[in-house]
Amino acid sequence: MFHVEGLVKRFGPLVAVDGVSFETRRGEIYGLLGPNGAGKTTTLSMLAGLLRPDEGRIEFDGIDLAAEPLRVKARLGVVPQENALYDNLTAVEHLRFWTELYRLRGADRDRAVDRALDVVGLAARGRDKVSTYSGGMKRRLNLALGLVHGPSAVLMDEPTVGIDPQARANILDVVRSVAASGTTVVYTTHYLEEAETLCDRIGIVDHGRLLAEGNLAELKLRAGEADVVTVEGTFDPAVARERVEGVDGARVLAVEPGRLILASGDGRRSVAVLSRLLGGDLPISSVEIRPPSLEGLFLKLTGRELRD
């Protein structure tokens with residue numbers, strides 16, 4: 001499906017996307033995982049043909065996006081982070097409008113609308129105005145707009161932001177069913193659990209760069225055998241750093257007032273680190289030890305937690 005090579009996008013002095021390259025496969029869910037401001041939305045905007053890259057190349061199913069943008073766009077669906085909805089219209093009216101843009105008419109249009117409503121679980125509420133919908137229902141309709149024309153690939157920009165856990169689970173089920181039907185999904189998120197449970201392959205992005213890529217098992221293997229130890233308290237971070245630097249196999253990942261995050265090699269070294277910290281006079285309020293994980297890899301690559 002997508003072949004992305006060396007994408008760069010600048011906004012003045014800011015390099016929002018910095019040399020990103022990846023490929024997606026037919027029918028897979030490819031996740032771009034990173035914090036807000038990592039360059040995920042800018043990357044999706046270039047894949048959708050809404051932004052022109054300053055450098056790099058995008059091909060979709062062998063078609064050069066820059067040379068034939070309309071040919072590519074006709075086969076893409078886009079689900080933006082913000083709902084593209086009008087409260088005074090029904091779901092059916094929204095979907096009919098979008099099918100008109102893709103030149104679907106008559107019975108083809110009606111089948112496409114019914115199919116999209118069924119996929120997102122809104123068939124019973126299709127003729128109700130959007131003003132009567134819950135937040136989760138609006139998100140599902142927003143998703144349906146990107147699916148109604150039967151695209152070969154769908155770009156989804158954090159479609160579960162701001163909704164409750166049940167509504168999020170419903171959206172993720174829809175995404176899985178879309179991919180199972182053979183449609184490629186490029187999915188951005190800053191939720192680790194979404195990336196871990198939803199995506200076939202994951203690209204970790206931060207500060208506009210693709211830092212690592214692979215399936216969950218490959219990424220966890222890259223995280224190595226190091227535990228991630230997070231220590232919080234009212235201590236001086238410089239003193240805490242000095243205290244653990246002498247422990248063999250311990251590596252400081254991040255240090256800030258009241259918090260120290262480090263990789264400690266294995267369980268035995270974690271005990272040695274904690275003995276060094278707790279054996280002194282550091283005012284420590286909590287300690288957390290996490291085994292090798294996707295979150296640990298993110299910390300290893302960026303020196304900060306994904307929530308930051």
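# Helix packing and pockets in a predicted model

Colleague: How do α3 and α5 sit, and at what angle do their axes cross?

Modeller: This is a predicted model. In it, the axes of α3 and α5 come within 9 Å and cross at roughly 25°.

Colleague: Parallel or antiparallel, then?

Modeller: Roughly parallel, because angles under 35 degrees count as such. The crossing of α3 and α5 is right-handed.

Colleague: Which residues make the contact?

Modeller: On α3 they are A91, H94, L95 and W98, and on α5 they are L141, A144 and L145. By class, the contact of α3 with α5 has 6 nonpolar residues, 1 polar and no charged ones.

Colleague: What about α3 and α4, what is the angle there?

Modeller: Helix α4 covers residues 106-119, and its axis and that of α3 come within 10 Å, crossing at roughly 130°. That makes α3 oblique to α4. The crossing of α3 and α4 is right-handed.

Colleague: And which residues touch in that pair?

Modeller: From α3, the contact uses A91, V92, L95, R96, T99 and E100. From α4, it uses R109, D110, A112, V113, A116 and L117.

Colleague: How many of those are charged?

Modeller: The contact of α3 with α4 has 4 charged residues, along with 7 nonpolar and 1 polar.

Colleague: Next pair. How far apart are the axes of α5 and α6?

Modeller: They are 9 Å apart, and the two helices pack at an angle of about 15°. Helix α6 is residues 165-180. With that angle, α5 and α6 are therefore roughly parallel to each other. α5 passes α6 in a right-handed crossing.

Colleague: Which residues meet there?

Modeller: G136, R139, R140, L143 and L147 of α5 meet A167, N170, I171, V174 and V178 of α6. The classes in the contact of α5 with α6 are 6 nonpolar, 2 polar and 2 charged.

Colleague: Is the lining of the largest pocket nonpolar or charged, and how do the residues divide?

Modeller: They divide into 12 nonpolar, 4 polar and 1 charged.

Colleague: And the second largest pocket, what is its volume?

Modeller: Its volume is about 260 Å³. The second largest pocket is lined by 13 residues, with L51, R52, P53, L65 and A66 nearest its centre.

Colleague: Which element gives the most to the lining there?

Modeller: β4 does, with 3 residues. β4 (55-60) and α2 each supply at least two residues of the lining of the second largest pocket.

Colleague: How do its lining residues divide by class?

Modeller: For the second largest pocket, 7 are nonpolar, 2 polar and 4 charged.

Technical notes:
Residues numbered from 1 in each chain as written. Predicted model: local features only at pLDDT ≥ 70, side-chain atom pairs only at ≥ 80, totals over all residues. Heavy atoms only, no water. Nonpolar A, V, L, I, M, F, W, Y, C, P; charged D, E, K, R; others polar. 1 Å grid on protein atoms, 1.4 Å probe; cavity = no way out; pocket = protein on both sides within 12 Å on 5 of 7 lines; lining within 4 Å. Points joined across faces, edges and corners; volume = space filled by probe spheres on them. Helix = DSSP H or I, 4+ residues; strand = E, 2+ residues; numbered from the N terminus. Axes fitted to C-alpha atoms, helices over the stretch in contact; angles between N-to-C directions. Parallel < 35°, antiparallel > 145°, perpendicular 65-115°, else oblique. Left-handed = near helix turned anticlockwise from the far one by under 90°. Contact = heavy atoms within 4.5 Å.
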